[in-house]
Amino acid sequence: MIIGGGPGGTACALALKRLAKEQGRRVKITIIEGKRFIEERHYNQCVGVLSPPLPELLEEDLGIPFPRDLCLVEIGGYVLHGKGEEINLVEGKDGSIAVRRVLFDAYMLEQVIKQGIDVWPFRATDLEFHSDRVVVYTENQPMEADVVVGAFGLDEGSTAMFSRLTDYRPPQALDSIVTKYYPEQERLDEFGPDIHAFLPANRRIEFGAVTPKCDHLTINIAGKQVDADLMDSFLQMPEVKATLPQRAEGEDGCIKRLEYFKGRFPRSLAKNYYGDRYVMVGDASGLVRAFKGKGSTTAVLTGIRAAETIMHHGISRQAFHDHYRAANQDIVRDLPYGRFMRLLTISMSQVGFLDTIIRAAAKSQDLREALFNAVSAHGSYQGVLRRSLRPGTIRAIIEAFFQRRG
């Protein structure tokens with residue numbers, strides 16, 4: 001039984017189905033998902049950027065086509081903005097694409113249904129863990145399963161249910177505000193295919209981004225307690241206003257109020273994200289990067305790894321500890337470096353040191369690559385720090401600092 005029909009849950013279901021077929025075993029798989037993606041009845045607060053190696057995971061590990069027809073924009077690169085400096089971090093295509101996330105979720109559920117996997121349009125309301133089974137209560141009827149996969153993100157009802165019945169504790173989280181901005185199409189075309197990333201001096205906003213879509217720009221900010229007023233402030237920052245294509249404005253010169261959506265995403269590893277007869281994947285496990293990146297890709301990856309553990313090694317806490325936890329060490333080992341980078345970046349932004357880093361990056365290839373990997377999620381934070389501490393990089397930063405003071 002899989003609770004949640006997003007990328008992590010559907011990937012786990014498809015991987016279970018494929019592995020069962022390879023092993024000649026009959027496995028009944030059921031997904032419980034209360035949201036309706038097909039009719040686009042539910043808005044997903046994810047920005048909707050799909051990054052490598054997601055195409056390979058879908059086509060090689062899950063045996064389904066990567067939905068290239070959903071592509072709205074092929075991301076060309078990333079532009080990092082400081083208070084008074086900016087830098088284009090890459091030239092050419094980086095392999096990421098922007099999509100409407102709700103359509104990607106609908107596509108994944110469609111592939112699940114094609115494989116004969118049941119999808120129940122209800123919510124799980126309670127659980128009972130027994131030595132030989134798990135009883136899953138839903139809004140419709142109770143069901144029994146051998147193992148439950150938590151793919152519910154940070155859904156408060158599901159996290160509370162598991163926290164009450166198991167030792168699972170959800171990851172710490174950041175708030176996110178997302179909105180859509182519709183300039184004239186001509187000006188949107190002039191904006192180009194780059195994602196613009198911002199690290200404001202406002203200590204409550206940890207980062208912001210402007211992502212091009214087909215007919216609009218998706219704008220998001222994140223922090224511990226971001227709200228609509230902070231999004232208003234972000235949109236009025238000079239560096240942000242200078243980036244956004246102009247459109248109709250109010251009499252006071254302010255951007256007309258947009259429709260905001262609020263969400264959350266993890267910033268730490270969940271505690272006890274596996275146990276006897278249960279395992280968490282994606283955001284529910286906290287197995288993501290410190291700065292939100294590759295959320296969909298990581299969800300699919302952890303869903304596949306959970307399925308491999310279940311089919312090859314079992315459903316006990318020991319099996320998940322020995323194999324699922326071990327399989328995700330590439331993510332877990334990088335988390336401390338990510339937390340350090342997150343705190344360092346916040347501190348640099350608040351004291352105005354980010355502009356110095358951007359000026360230094362203009363003269364240092366290593367620093368440019370480090371910044372690119374940090375904002376694009378294409379490389380590990382350990383690698384980012386390693387490049388940032390090379391003698392040539394440090395020399396470039398010192399020269400940029402004294403150049404500014406001079």
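These notes walk through strands, aromatic pairs, salt bridges and one surface patch in a predicted model.

1. **Strand β16.** Start with β16, residues 217-223. Seven of its seven residues are buried. In a regular strand the side chains alternate between the two faces of the sheet. Here L217, I219, I221 and G223 point one way. T218, N220 and A222 point the other way. Both sets are buried.

2. **Partners of β16.** Which strands pair with β16? One is β13, residues 173-181, which runs antiparallel to β16 over seven bridges. Look for K180, which stands opposite T218 in β16. Another is β15, residues 207-212, also antiparallel, with six bridges to β16. There P212 faces L217 as its opposite residue. β15 and β16 form a hairpin, with four residues between them.

3. **D175 in β13.** D175 is found in strand β13. Is D175 buried or exposed? Its relative accessible area is 15%, so D175 counts as buried. Beyond its sequence neighbours, D175 touches I221, A222 and G223, among others. K224, Q225 and V226 are also among its contacts. S233 is 58 residues from D175 in sequence. The C-alpha atoms of D175 and S233 are 16 Å apart.

4. **The mixed sheet.** Six strands form an open sheet. Their order is β8-β2-β1-β12-β19-β18, and the pairing is mixed. The edge strands are β8 (118-120) and β18 (274-275), and each pairs on one side only. At the β8 end, β2 (residues 30-32) pairs with β8 in the parallel sense over three bridges. I32 has W120 in β8 as its bridge partner.

5. β9 covers residues 124-129 and β10 covers residues 134-138. They pair in the antiparallel sense over five bridges. L127 is opposite V136 in β10. Four residues join β9 to β10 in a hairpin.

6. **Aromatic pairs.** A pair of aromatic rings is described by the distance of the centres and the angle of the planes. The model has 15 aromatic pairs. Take F207 and F265: their ring centres are 6.3 Å apart and their planes stand at 40°, so the pair is tilted. F207 lies in β15 and F265 in β17 (residues 260-266), so the pair ties together parts that are 58 residues apart in sequence. Both F207 and F265 are buried. F401 and F402 form an edge-to-face pair, 5.3 Å centre to centre with 80° between the planes. Elsewhere, F129, F152, F162, Y168 and Y278 form one aromatic cluster.

7. **The nonpolar patch.** Which residues make the nonpolar surface patch of about 480 Å²? They are L389, I394, I398, F401 and F402. F402 sits in helix α15, residues 391-405. F402 has a relative accessible area of 51%, so it counts as exposed. F401 is partly exposed, at 30%.

8. **Salt bridges, two examples.** Side chains of opposite charge can pair when their charged atoms come close. The count here is 15 salt bridges. In one of them, the side chains of D126 and R164 meet at 3.1 Å, N to O. D126 is in β9 and R164 is in helix α4 (residues 156-165), 38 residues apart. D126 is partly exposed at 26% relative accessible area, whereas R164 is exposed at 54%. D330 and R305 also meet in a salt bridge, at 3.1 Å, N to O. D330 is partly exposed at 41% relative accessibility. R305, at 14%, is buried.

9. E369 forms a salt bridge with R387, with the closest N and O atoms 2.9 Å apart. E369 lies in helix α13 (residues 365-376) and R387 in helix α14 (residues 381-388), so the pair ties together parts that are 18 residues apart in sequence. E369 is partly exposed, at 28% relative accessible area. R387 is partly exposed too, at 22%. Which residues make up the network? D366, E369, R387 and R390 are linked in it by salt bridges.

Conventions: Residues numbered from 1 in each chain as written. Predicted model: local features only at pLDDT ≥ 70, side-chain atom pairs only at ≥ 80, totals over all residues. Heavy atoms only, no water. Patch = residues over 30% accessible without salt bridge, like charges linked within 9 Å, V, L, I, M, F, W, Y side chains within 5 Å. Areas by Shrake-Rupley, 256 points an atom, 1.4 Å probe, with all protein chains shown as cover. Salt bridge = Lys/Arg side-chain N within 4 Å of Asp/Glu carboxyl O. Helix = DSSP H or I, 4+ residues; strand = E, 2+ residues; numbered from the N terminus. Buried < 20%, exposed > 50% of the residue type's maximum accessible area, 1.4 Å probe, protein only. Pairing = 2+ DSSP bridges. Phe/Tyr/Trp six-rings, centres within 6.5 Å; stacked < 30°, edge-to-face > 60°. Contact = heavy atoms within 4.5 Å. Lists of a residue's contacts leave out its neighbours within four places in sequence.
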